Amino acid sequence: MKPLDRILEAAKAAPRRIVLAEGEDPRIVEGAVRALREGLAEIVLVGNRSTVEARLAAAGASPGAVRIEDPASSALAPRLVQAYHALRAGKGVDAAMAAEALRSPLVFAAMMVREGEADGTIGGAVATTADTVRAALQTIGRAPGVGLVSSFFLMMLCAPHHVKKGLYLFSDCGLVVDPDAAGLADIAVSSARSYEALSGIPAKVAMLSFSTAGSAAHERVSKVVEATRLARATEPGLVIDGELQFDSAFVEAVSTAKAPQSVLHGAANVFIFPNLDAANIGYKIAQRIGGATAIGPILQGLAKPANDLSRGCSADDVFHMIAVTVVQAGSA
């Protein structure tokens with residue numbers, strides 16, 4: 001079974017309610033209608049009702065097949081406004097400001113998740129990552145025991161030219177710019193849990209650097225070494241090693257030569273980059289030159305799932321992100 005097929009089958013086995021904040025976008029509607037038809041999820045689209053209805057009709061959806069919530073007229077609005085006001089009053093948000101905030105589809109969708117009207121939310125096809133993540137953080141909040149909300153990409157190597165095939169995770173490619181050692185350790189632990197929840201495969205975590213097993217001395221290397229130590233202390237049973245160069249983590253022969261004592265033996269499936277520069281560049285090289293299929297950025301560390309699409313996403317990307325969000329909701 002291809003890695004993505006497993007995620008799709010897991011979503012079909014336990015569909016959840018997913019609310020898409022940008023229900024007026026044709027890509028969102030197309031991906032959502034496909035997810036509904038294939039039994040991945042119950043779908044809620046947020047947006048202007050007449051616009052969303054027109055998009056659904058153009059996509060061939062039966063009238064009434066998809067739930068629509070228009071922030072301007074939704075029966076949920078008074079309850080969500082009141083809940084948002086109570087949540088944010090300590091930050092200086094009064095009742096009028098809460099009502100204004102709930103006019104935002106991103107906030108409305110996130111509050112639906114918080115209030116149990118949906119199991120997960122997706123945005124970012126139109127909105128920026130900053131706005132999408134801010135709405136999730138301010139409404140859904142962090143999961144208990146999580147110090148840092150971060151993101152990852154699922155990287156699928158399935159093309160004929162890929163010598164190694166399978167599902168891999170790269171983190172953090174989209175959110176945390178320059179984590180300290182504690183933050184990097186938190187990203188590693190969260191990423192291992194995310195990988196196992198989505199793949200059903202035990203995580204093998206590589207903490208990446210420009211150095212392998214002490215081949216270079218630098219404060220940036222020391223950060224990765226310390227992060228590895230902290231992650232091991234947090235999760236003693238976690239299979240993790242670092243600092244490692246990518247080839248030492250991915251290629252058995254290189255691991256044997258450069259890091260013979262490594263527990264990974266060149267078989268890492270979770271790759272933790274030292275900062276956002278390296279991670280964002282790395283996943284895009286793997287995608288654009290290497291031909292890997294990339295899904296993300298997927299958020300981790302929130303109390304309930306909320307995910308961010310690229311503004312250049314396709315309907316297929318929306319469909320796949322719905323599946324990922326369903327599986328996340330089932331493992332929360």
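1. A salt bridge is counted here when a side-chain nitrogen of Lys or Arg lies within 4 Å of a carboxyl oxygen of Asp or Glu. By that criterion E100 forms a salt bridge with R103, with the closest N and O atoms 2.5 Å apart. E100 has 49% relative accessibility and therefore counts as partly exposed, while R103 counts as exposed because its relative accessibility is 53%; buried means under 20% relative accessible area, exposed over 50%, and partly exposed in between, with a 1.4 Å probe and protein chains only.

2. On the basis of the note: this is a predicted model, in which local features need pLDDT of at least 70 and side-chain atom pairs count only at pLDDT 80 or more, whereas totals for chains, interfaces and linings use all residues. Residues are numbered from 1 along each chain as its sequence is written, and side-chain values use heavy atoms, with hydrogens and water left out.

3. The protein is divided into domain 1, made of 3-141 + 302-330, and domain 2, which covers 150-293; these bounds come from an automatic or database domain assignment. The C-alpha centres of domain 1 and domain 2 are 30 Å apart. Nine residues of domain 1 are in contact with twelve residues of domain 2, where contact means heavy atoms within 4.5 Å.

4. Between them, domain 1 and domain 2 bury about 770 Å², of which 78% is on carbon and sulfur atoms; buried area is the accessible area (1.4 Å probe) that two parts lose on being put together, summed over both. Of the area that domain 1 buries against domain 2, P3, R6 and I7 supply 52%, more than any other three residues.

5. What is the count of salt bridges between domain 1 and domain 2? The count is zero, although two residue pairs are in polar contact between domain 1 and domain 2, both at pLDDT 80 or more. A polar contact is a pair of N or O atoms within 3.5 Å; within protein, one must be able to donate a hydrogen and the other to accept it, and residues adjacent in sequence count only if both atoms are side-chain atoms.

6. On the side of domain 1 that touches domain 2, helix 1 (3-13), helix 7 (129-139) and helix 13 (315-331) each supply at least two residues, and helix 1 gives the most, with four residues. Helices (H or I, at least four residues) and strands (E, at least two) are DSSP runs, numbered from the N terminus.

7. A search of the whole structure finds 17 salt bridges. One of them joins R79 and E117 at 2.5 Å, N to O, and this pair links distant parts of the chain, 38 residues apart, with R79 in helix 4 (residues 77-88) and E117 in the loop between helix 6 (105-114) and strand 4 (120-123). R79 is partly exposed at 34% relative accessibility, whereas E117 is buried, with a relative accessible area of 17%.

8. E53 and R49 also form a salt bridge, with their closest N and O atoms 3.9 Å apart. Both residues lie in helix 3 (residues 49-58), four residues apart, or about one turn of the helix. E53 is partly exposed at 40% relative accessibility, and R49 is likewise partly exposed at 35%.

9. Q300 lies in strand 10 (residues 293-300) and counts as buried because its relative accessibility is 4%. The side chain of Q300 is joined by polar contacts to that of S191, at 3.0 Å, and to that of S194, at 2.7 Å.
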